[in-house]
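Here is my note on the model you sent. Please read it with the structure open.

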Amino acid sequence: MWARHVRTERVPARRLRPTAPPPAERAAAAAPALSGHVVTATAGDEYDQARRIANARLDFRPAEIVYCYGESDVAAAIQYGIANGMQLCVRSGGHDYEGFSLNNGGLVIDVSRCDRYEVSADRRTAIVGPGTPLRTLYHRLGNTRLDPNDPNDPGYTLPGGSCGGVGVGGLVTGGGFGLISRKYGLFCDRLVRVRLVDGTGALREATRVNDPDGVLWATCGGGGGNFGVVTELEFELVRAPRSVTTFAYVWPAHDDLITRLTHSFTAWNPSEDVFATLLLKAGGDVGSQVVFAGQSFGDEEATRAEIAPIAGKLPAPLTASVSPLQSMSPLDAIEANAGDDTEHHAWKMASSLGRGALNTAGIGALLEALRKGPSSSCYVQFDTFGGKINDVAADATAFPHRDMTYTVQYQSYWTNPSDADPAERWLRETFEAVDAHIGANASYRNYCDLNLSDWEDRYYKANYARLQRIKAQLDPNNTFYYPQSIVPA
């Protein structure tokens, strides 16, 4: 989660043209005019900027990109796409790992300018536009105070992710996992109402207590751009704590330490107040280091007690590299981990979810993979999961992974195009070697990976069948499709 923000230089993009089956035959309709702001290839630099996404590995050329400002623009875009037989994709923040929010030759419905924010009078909920960047939402929530006259009031928050430029709409539809999810659940678990323009151009609204067609259920982890375009979200807010305590330990990397640390981390069961990450760099560079870091809602004494099962069982860390435990505001902690929205680097990712201690064979496979790391920046990162996330039943939302205790994200970054193939090969081989020993056959939809042949099961488990039925209701002609989109029942 944190390592995604390693700074690299912009590199020439590699064109990927994902194939998808043509949409089912569409009913003829008079094509309405597009409204909003439309950008085509004739716009030159504006078009190149409009089709740019966060991952420089990807390069797509849609026929048209329409920036929508409200539901009428969205509905017109969908009807226009249907009438012209175009592939439709939805983009909110442009951080999709595989570029599912863009296409070649189709229409991209961009809701980044739908960034409404309105708090209820009782401060219990907030209405949020799907295009709102996560960093912007956090700041707005932090500035929404119970007592406006109290400068020390920390305001409100939501358990979103850690990348500041991610759009709210894309994050919630994949589940939404972040630094405070163990305390407050997934981002989607706070969703109480959603408005969506479906694949026929019809407006639908659902609430937590009135969701006959499964619209809200599917929005909570069913993947972005499958059923239509989310136009409005209402979340139940939580009071932000007055401070969090951060921690960071760094050790020189060697096999014995990585073995002990990985076993302890995956077996660890801290309180819901704690989020932690274990970052392992591949390649065996001279001076390579292992990082164990995170945050807690407890004070310094409580935090030290929480992390003692990890840090207390290992050799003394590198003294010069250990950050002292410090308290900061939740907003400051978010800023410290939110990355740089201006970065544009190339990457490839994969993920596993697991529960319980990784076995000896799995740790052996991990060590072997780390030794084989190519010259580019490659990492394996473990994050704590569980807590309040696991209090929700697996079928209560579309997000099914409610019994996991940690996530693994396999990450490769590069600056030189010649490094792309070895970096991607290392990532694929590392994922296959380690995931086989984790054994849960589960991946996080927001860390999507085109290499997966069984993505339906890995992302959605038993919930996929219901998602297919909802897809058949909301988008019967498969107007919205991409390489890993849900197929109508």
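1. Ground rules. This is a predicted model, where local features need pLDDT of at least 70, side-chain atom pairs count only at pLDDT 80 or more, and totals for chains, interfaces and linings use all residues. Residues are numbered from 1 along each chain as its sequence is written, and side-chain values use heavy atoms, with hydrogens and water left out.

2. Strand β6. Find residues 125–128. Strands here are DSSP runs (E, at least two residues), and helices are runs of H or I, at least four residues; both are numbered from the N terminus. T125 and I127 lie on one side of β6, A126 and V128 on the other, and all are buried. Buried means under 20% relative accessible area, with a 1.4 Å probe and protein chains only.

3. Its partners. Two strands pair if DSSP finds at least two bridges between them. β5 (residues 117–119) runs antiparallel to β6, with three bridges. Here A126 faces V119. β10 (residues 228–236) is also antiparallel to β6, joined by four bridges. There V128 has L233 as its bridge partner.

4. The turn. Five residues separate β5 and β6 in a hairpin. Check R123 in that turn: its phi is positive, about 60°.

5. T430. Look in helix α11, residues 420–438. Why is T430 counted as buried? Because its relative accessibility is 1%. Its side chain reaches the backbone oxygen of W426 at 2.8 Å. Beyond neighbours within four places in sequence, T430 is in contact (heavy atoms within 4.5 Å) with A369, V380 and Y410.

How values were computed: Buried < 20%, exposed > 50% of the residue type's maximum accessible area, 1.4 Å probe, protein only. Polar contact = N/O pair within 3.5 Å; in protein donor to acceptor, adjacent residues only side chain to side chain.
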